[in-house]
Amino acid sequence: MTESGNNAAAPDVSAPPAVPETRRMDCDVLVVGAGPAGLAAACAAAESGARVVVLDQSPWAGGQIWRGEESAPGGSQQRAWRRRFRESGARLCLRTTALAAPRRNVLLAEAPDGPLEIDWRSLVLATGARELFLPFPGWTLPGVLGPGGLHAMARSGWPVAGRKVVVAGSGPLLLAAAHGLKAHGARIRLIAEQAPWRRLLGFGASLGRHPGKLLQGLSLGSGLWGAPYRAGAWPVRAQGADRLESVTLTTGARSWTEPCDYLACAFHLEPNLELPLLLGCRVEEDRVRVDSFQETSVVGVFCAGEPTGIGGADCALAEGEIAGLAAAERRDQAKALFGRRAAWTRFRDSLRVAFALRPELRLITTPETIVCRCEDVTRRDMESQDHWRAAKLQARCGMGACQGRVCGAAARFLFGWEREGTRPPVFPASVGSLAGLPHTNPTVRPNPQGCP
Ligand SMILES: Cc1cc2nc3c(=O)[nH]c(=O)nc-3n(C[C@H](O)[C@H](O)[C@H](O)COP(=O)(O)OP(=O)(O)OC[C@H]3O[C@@H](n4cnc5c(N)ncnc54)[C@H](O)[C@@H]3O)c2cc1C
């Protein structure tokens with residue numbers, strides 16, 4: 001008899017759970033990521049006659065910057081790309097996460113209705129970037145978020161009107177997020193950029209070559225009129241009983257405390273390299289190495305946008321179009337776009353120099369600070385290890401829900417550890433989706449031309 005008292009047969013708990021059937025699909029060009037880079041790649045490839053499938057784990061197309069809203073930054077530009085994408089004939093699969101590469105030229109993804117295997121002839125990786133968080137005392141308090149994250153929440157209706165916000169860390173996203181938060185009624189108490197004025201002025205001068213970016217910067221600046229801005233300043237401690245109440249910042253020479261309801265803090269962006277690494281693509285200096293056609297060190301695998309270096313949406317669009325054309329075997333047409341891309345890669349190089357992280361930021365993490373917030377691992381727990389794998393095995397750092405996406409980058413910065421390879425699945429997934437996964441990676445075919 002069952003617990004409910006009727007005589008229905010009890011379920012057979014010894015039987016293995018039903019494994020959902022894996023659907024199959026094939027295409028000429030598979031694009032992972034529907035941000036600016038992925039959309040541009042998909043348009044270029046589909047317009048060349050290729051059968052194109054685009055996957056994105058989000059419920060929307062448009063990536064981080066456009067997030068599926070017409071009101072997001074770059075209004076008319078994104079509307080034009082969305083229209084072009086709709087008319088291109090590329091097939092879009094949303095809420096679909098690429099997890100693994102079970103065989104050569106096959107990607108396994110988790111879709112809303114179960115596992116999906118896609119055969120591809122060319123693959124474009126346009127997986128974007130995430131915010132880089134560095135741990136400091138109090139960074140896990142409720143009220144401490146990434147600037148992009150808090151801005152996205154405000155755009156989705158989270159009330160920030162009248163709330164006191166300190167925006168801190170590094171990168172142009174600080175200004176974009178502060179501007180957006182102010183437009184939603186937040187009171188910006190301070191914008192603190194860790195880079196010194198000297199580097200910021202050099203970056204400003206380089207914008208002369210990019211009048212569009214210069215105008216964008218001036219418009220953000222004028223929209224933030226009245227909001228205090230400090231270069232060469234960074235947070236060292238967040239305070240509060242149950243949630244954030246204030247943040248202490250320093251210039252190195254002087255420290256002070258700002259009362260606030262939110263601290264929006266991230267130290268620029270961290271490229272999403274898990275999938276390129278899994279596929280065997282060569283990664284150097286935190287970016288995927290590509291040749292002039294955006295092809296990686298693996299034949300038939302192209303990469304565009306933030307994983308090749310943090311360069312913003314225009315750089316991602318330029319690289320995406322070249323990758324899409326080359327993936328669809330239209331290399332001659334792709335060559336015509338090299339000049340436009342060169343301008344944006346120069347901008348990307350200027351960003352890298354201007355917003356390089358200062359070494360003092362390694363000191364904001366004290367021995368008691370939690371570095372891995374999924375598994376509560378402190379800096380002290382990690383200090384005795386000499387590489388990431390040891391920290392994982394001995395201290396459980398990176399073994400929690402985020403699988404090292406947050407603490408992995410922080411540990412590399414804090415301890416100077418090398419980036420290590422990735423194992424499938426690259427995102428947490430249901431057992432059903434992983435049932436058919438082999439234990440080893442497929443062999444990759446190195447690109448004979450090689451990357452520069
Ligand atoms: C949180 C955040 C907020 C930002 N806000 C702004 C802003 O307000 N203004 C601004 O100018 N710039 C902003 N940026 C920077 C901007 O997003 C990038 O410069 C630009 O979008 C780069 O385009 P991309 O196509 O390379 O990457 P993204 O736009 O990041 O697109 C990558 C896409 O790949 C998808 N993806 C990744 N891995 C997988 C996988 N395994 N399977 C399926 N899908 C996958 C992601 O869901 C994402 O949609 C923001 C960045 C971040 C991280």
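Asn-105 is found in the loop that lies between strand E5 (97–103) and strand E6 (106–111). Helices (H or I, at least four residues) and strands (E, at least two) are here runs assigned by DSSP and numbered from the N terminus. The phi angle of Asn-105 is near 65°, which is a positive value in a residue other than glycine. The model is a predicted one, in which local features need pLDDT of at least 70 and side-chain atom pairs count only at pLDDT 80 or more, while totals for chains, interfaces and linings use all residues. Residues are numbered from 1 along each chain as its sequence is written.

Strand pairs come next, where two strands pair if DSSP finds at least two bridges between them. Strands of a sheet pair through backbone hydrogen bonds, either parallel or antiparallel. A hairpin joins E6 to E7 through 2 residues, and the table sets out this pair beside two others.

| Strand pair | Sense | Bridges | Example of facing residues |
|---|---|---|---|
| E6 and E7 | antiparallel | 6 bridges | Glu-110 and Pro-115 |
| E1 (23–26) and E7 (114–119) | parallel | 4 bridges | Arg-24 and Glu-117 |
| E2 (29–32) and E3 (52–55) | parallel | 4 bridges | Leu-30 and Val-53 |

E2 and E3 also belong to an open sheet of 5 strands, whose order is E4-E3-E2-E8-E21 and whose pairing is parallel. Strand E4 (91–93) and strand E21 (301–303) stand at the edges with a single partner strand each, so one side of each has no neighbour in the sheet. From one strand to the next, the twist averages 20°. Helix H1 (residues 36–47) packs on this sheet and touches E2, E3 and strand E8 (122–125), and its direction makes about 170° with that of E3. Such angles run from 0 to 180 degrees between N-to-C directions, and the axes are lines fitted to C-alpha atoms, for helices over the stretch in contact.

H1 also meets helix H9 (312–327), and the axes of H1 and H9 come within 7 Å and cross at roughly 30°. Residues in contact have C-beta atoms, placed from the backbone, that lie within 7 Å. Among the residues of H1 in this contact are Leu-39 and Cys-43, while those of H9 include Leu-317 and Leu-325. By class, the contact of H1 with H9 holds 15 nonpolar, 3 polar and 2 charged residues. In this count Ala, Val, Leu, Ile, Met, Phe, Trp, Tyr, Cys and Pro are nonpolar, Asp, Glu, Lys and Arg are charged, and the others, Gly among them, are polar.

Which residues are the closest to the ligand? They are Gly-35, Gly-63, Gly-128, Gly-148 and Gly-305, within a shell of 38 residues, where a residue counts as near if its C-beta atom, placed from the backbone, lies within 6 Å. Among the elements that give two or more residues to this shell are H1, H9 and helix H4 (147–155). The shell divides into 18 nonpolar, 16 polar and 4 charged residues. Domain 1 (23–130 + 271–354) and domain 2 (133–267) both give residues to the shell, so the ligand lies between them.

The chain also has a domain 3 (365–434), and the bounds of the domains come from an automatic or database domain assignment. The C-alpha centres of domain 2 and domain 3 lie 26 Å apart, and their contact takes 6 residues from domain 2 and 9 residues from domain 3.

Conventions: Two residues are in contact if their C-beta atoms, placed from the backbone, lie within 7 Å.
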